[in-house]
Amino acid sequence: MKSFEKISQQTKASSEEVVNLGKKKKYDPHSFSKKTNIVMNILLALFAFLCIFPFVYVIIISLSSEQSLAMHGYRVIPQEWSLDAYRYLWMMRSQLLRAYGITIFITVVGTLLSVAMISMYSYAISRKQFIYRRQFTFLVFFTMLFSGGMVPFYIVMTQFLGLKNSIWALILPLAVNAFYIIIMRTFFQRSVPEAIIESARIDGAGEFRIFLTIVLPLAIPGIATIALFSTLAYWNDWFNALLFIDDPNLIPLQSLLMRIENNLDFIAQNAHIGAQSESLMASIPQDSAQMAIVVIATLPIALTYPFFQKYFVRGLTIGGVKE
Amino acid sequence: MKKLSLFLVIIMVLSFTAGCGGEKEVKGNPDHELDHVTLTWYLIGTPQSDLDKVLEEINEYTLEKINATIDLRMLDWGEYDDRMQVIVTSGEEYDIAFTSSWANNYSLNARRGAFLELTDLMDEYGQEMQEAIDPAFLEGAQIDGGLYAVPTNKEVGQQAVLAYNKELADKHDLDLSDVTCIKDMEPYFQVIKEEESGVSPIATFDAFLPFDSLLQEEMPFAFRLEGDTTEVINKYEEEITHDILSTMHDYYNKGYIRSDAATSTDSWPMDVQNWFVRKELYQPYAELLWSRSSGYEIDYVPLQEPYVFNNSVTGSMQAISATSRNPERAMMFLNLLNTDPYLRTLVDKGIEGVHYELNDDGTITDLPARVEDYNMPSFAIGNQLILPLHDDEPEDKWEAFEEFNDNSIPSPALGFYFDPSAVRTEIAAISNVTSEFAPALLKGAVDPDVYLDVFNERLYEAGMQKVLDEIQEQYDEWRAHQQ
């Protein structure tokens, strides 16, 4: 690595010298001209701002007072700042903490499980020696194109597997993703050469040993990608909880948010339950509290992303055999 | 070989499915002593953290009375409808479920065969309940001559009112007692608009139209409440609709309605004092409820007489599922729930001494635990008129309910449920057109002189006439059977 960087630096330097000798103007083939650079910087800054602004806006709304929201609507600089929303969250902390716990549990266990299952399955069907490779690939491919629909899914989960009101109902449906299996199979075929597996076998390694000590380390970039996707999928999942969970102790964070949203929609559409809905209205957090929940539900996962990204960049440069 | 193995897999899956679907228990003879059963009960409402604690007490009582335990599952407001749809379609076994015109659609499920027909069961196991419930409910909730759910005894009439902020009215010496329709509000709105800067005279609402609407409120099919009440009409073609919408648009232009009314989904919470008038549905002493929950005084003026609509009699009911293994016991439980004040209070208010305190005069006072951990939707559970009163409620509350019910006028289409299956495509098209035009028109955001005609034209293009004819035919047939 290091020596490669050195060499590239040297060539860069020497090419600069050559250019400098020819013309007075400094010319670097690896960089933009000054004007393009400025334009590019402005465009990218704008784009970055557009990406970040909604989230900043959410934070601002979570910090404005309910009164000023009701009177003046959403403002970039609110009429009145207030921490009431977070005080409200503090009041419902036991529920939030439990939801947090559930979310973290299903994310960690789910990601580990799905990475294990996906990598093993796709490694098996990536090996030419595996006889039923075509059939198993077809099975995966088939589920990618066709699905049974919600009701059969519900019947299988609740009546055959008996997973209603169980934490596994939140983990198992997302554990194996057909699309990731196809990605990983291609990845194994491309980045793990037959030669390296053969050499391991000559040294006396069995299939599992080959998989764990040779293939997996080589496939780290691919696995990191899939782990990130799974983590996000588990963290953001609310639908399975909506279908299978009645027990308020098993509700994950995003589902809690979704419930609040659904309830607000419901009230907006069913004004006619009228006089009797006043207690319902009081039990649902208002705008700023909702935004505060969004903030605490999104921040942790947003903060983990940079760590993953660093890992990607390093991982992608690792290679097994140089040809 | 390859084909054979695939075939084998399919056979295996099929036999597995058949094996699981096939188990059904043969029911025992109901004459001898009752076996212990567990009843699954789906109820709408935010799941409460003390539910398990209260369920223990409930089960102790029901075990003794009918040898059954209750597995009460609460599904939150916004998801109840979707969840019940999946549960019903998947054929899941459950015993009792909340149903109504606005969630877990009663007439649709009854027609589909998802609910049991209850007349015989009720005659056998629910006589006390039959006497306790207002006959208007039991009659109005019948579909094609059969009763498919037990209606909750509560206010039977529906009355649209304008609720207003009394503090503001007093401050500016406004007397609203002569107001009978939204048109009369003009001078008051003007005062509020001029004098109160942070207050919107109208908290966004759909204009009140005096019809009995079929299907959803916004949809055009309706019956008149006065004049020729036997003809089904497109309510957007009526003179009075045009008048009311013009008034609303006039208010919109004058700034009495917020400019984003057509698209806004703001819920206008009552406890924020930034509105002067809103549309609500009334029940006796609702003004006290509103005032208590908002923290300032709210009063009302009626927009119509209380009417009994299909929507109001089917506003809250409990159905027994067609998949129930113990419909008799479910009926016994419903009977108990609707006639036994102890059980009814326990389910609704929680445990005495934990969630509420019983006062000497028979009223109750909420303890903090009830508001935080056991806040149940009272109107969705069962007979409201046997509940104890809160200490701050008027003594004659339930008498007022009964009087209100006696004074409610039956709508011309009470008990008529339209079966839309023959004109499903037309209704879908009409529903699309309606959701495009109705919100802006009803909230006053667009000029009815221009858009009402366009709207009606589009409705007829979408097949309005065919649906009107179909409804009229079904209605005439239904009426012939009534006499």
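Modeller: Contact here means heavy atoms within 4.5 Å. In chain A, take the contacts between residues at least 6 apart in sequence: 71% of them join residues at least 24 apart. The model is predicted, so local features need pLDDT of at least 70 and side-chain atom pairs count only at pLDDT 80 or more, while totals for chains, interfaces and linings use all residues. Residues are numbered from 1 along each chain as its sequence is written, chains are lettered from A and ligands numbered from 1 in the order in which they are written, and side-chain values use heavy atoms, with hydrogens and water left out.

Now the strand. Helices (H or I, at least four residues) and strands (E, at least two) are DSSP runs, numbered from the N terminus. Buried means under 20% relative accessible area, exposed over 50%, and partly exposed in between, with a 1.4 Å probe and protein chains only. Strand 5 of chain B spans residues 160-165, and six of its six residues are buried. B:Ala160, B:Leu162 and B:Tyr164 point one way. B:Val161, B:Ala163 and B:Asn165 point the other way.

Two strands pair if DSSP finds at least two bridges between them. Strand 5 of chain B pairs with strand 10 of chain B (residues 275-281), antiparallel, over five bridges. There B:Ala160 has B:Leu281 as its bridge partner. Strand 5 of chain B is also joined by five bridges to strand 11 of chain B (residues 298-302), again antiparallel. B:Leu162 faces B:Val301 in strand 11 of chain B.

Next, the cores. A nonpolar core is a set of buried Ala, Val, Leu, Ile, Met, Phe, Trp, Tyr and Cys residues joined through side-chain atoms within 4.5 Å. The largest has 78 residues, and B:Trp41, B:Tyr80 and B:Phe333 are among those with the most contacts inside it. Helix 13 of chain B (residues 327-339) gives the largest share of this core, seven residues. Apart from this core lies another, of 63 residues, and B:Ala160 is one of its members, as are B:Leu209, B:Phe455 and B:Val467. Leaving out residues up to four places away in sequence, B:Phe333 touches partners including B:Leu39, B:Trp41, B:Ile66 and B:Leu343.

On to the rings. Rings of Phe, Tyr and Trp (its six-membered ring) pair if their centres lie within 6.5 Å; planes under 30 degrees apart count as stacked, over 60 as edge-to-face and the rest as tilted. Over all chains there are 37 aromatic pairs. A:Tyr100 and A:Trp235 are edge-to-face, because their ring centres are 6.3 Å apart and their planes stand at 70°. A:Tyr100 is in helix 5 of chain A (residues 93-126) and A:Trp235 in helix 12 of chain A (residues 220-236), so the pair ties together parts 135 residues apart in sequence. Both A:Tyr100 and A:Trp235 are buried. A:Phe142 and A:Phe146 make a tilted pair, because their centres are 5.1 Å apart and their planes are at 45°. A:Phe142 is partly exposed, at 40% relative accessibility. In chain B, one aromatic cluster holds B:Trp77, B:Tyr80, B:Phe98, B:Trp102 and B:Phe379.

Charges also meet rings. A charge sits over a ring if NZ of Lys or CZ of Arg is within 6 Å of the ring centre and within 35 degrees of the ring normal. B:Arg278 does this over B:Trp275, at 4.7 Å from the ring centre. A:Arg93 lies over the face of A:Trp90, at 4.5 Å.

Finally, chain A has 16 helices and zero strands. Of its 323 residues, 37% count as buried.
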